[in-house]
Amino acid sequence: QQQQQQQQQQQQPPPLMHQPPPQQQAAGPMVPHPILFLENLPHDASTEGVSDIFHPFPGFKEVRLVASRPGIAFCEFDNEMQSGIAMSRLQGFKLNDMPMKISFSKS
């Protein structure tokens, strides 16, 4: 019986003792950009509603919804530092119980 237990223990990987806590990751590229790419927005989200969420952050310029793809928008800031702060603070922010996914725009 002891041999069976030893064999089972040898087959199992050792537990990770210092595993970091899970963190929410941005949805896309991590190359800083002044424009944020927003995903997982409610399909009935409005420019005004999304703007109200980002407006309090310094450097906010505008929100542009993608009419052909509901649930997606772009949010522009003056620079990469300001957009990065907004992204870090609002990652996972829930709109109608849908957690927003935010990443830096690719271009």
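1. How many bridges join β2 to strand β3? Five bridges do so, β3 being residues 73–77, and the two strands run antiparallel; strands here are DSSP runs of E with at least two residues, and helices are runs of H or I with at least four, numbered from the N terminus.

2. This is a predicted model, in which local features need pLDDT of at least 70 and side-chain atom pairs count only at pLDDT 80 or more, while totals for chains, interfaces and linings use all residues. Residues are numbered from 1 along each chain as its sequence is written, and side-chain values use heavy atoms, with hydrogens and water left out.

3. The four strands form an open sheet in the order β2-β3-β1-β6 with antiparallel pairing, where pairing requires that DSSP finds at least two bridges between two strands. At its edges lie β2 (60–65) and β6 (101–104), each of which pairs on one side only.

4. Helix α3 (residues 80–90) lies across β1, β3 and β6, running at about 160° to β6.

5. S51, placed in helix α2, counts as buried because its relative accessibility is 15%, the limit for buried being under 20% relative accessible area (1.4 Å probe, protein chains only). Leaving aside neighbours within four places in sequence, S51 is in contact with F60 and V63.

Methods
Contact = heavy atoms within 4.5 Å. Axes fitted to C-alpha atoms, helices over the stretch in contact; angles between N-to-C directions. Buried < 20%, exposed > 50% of the residue type's maximum accessible area, 1.4 Å probe, protein only.
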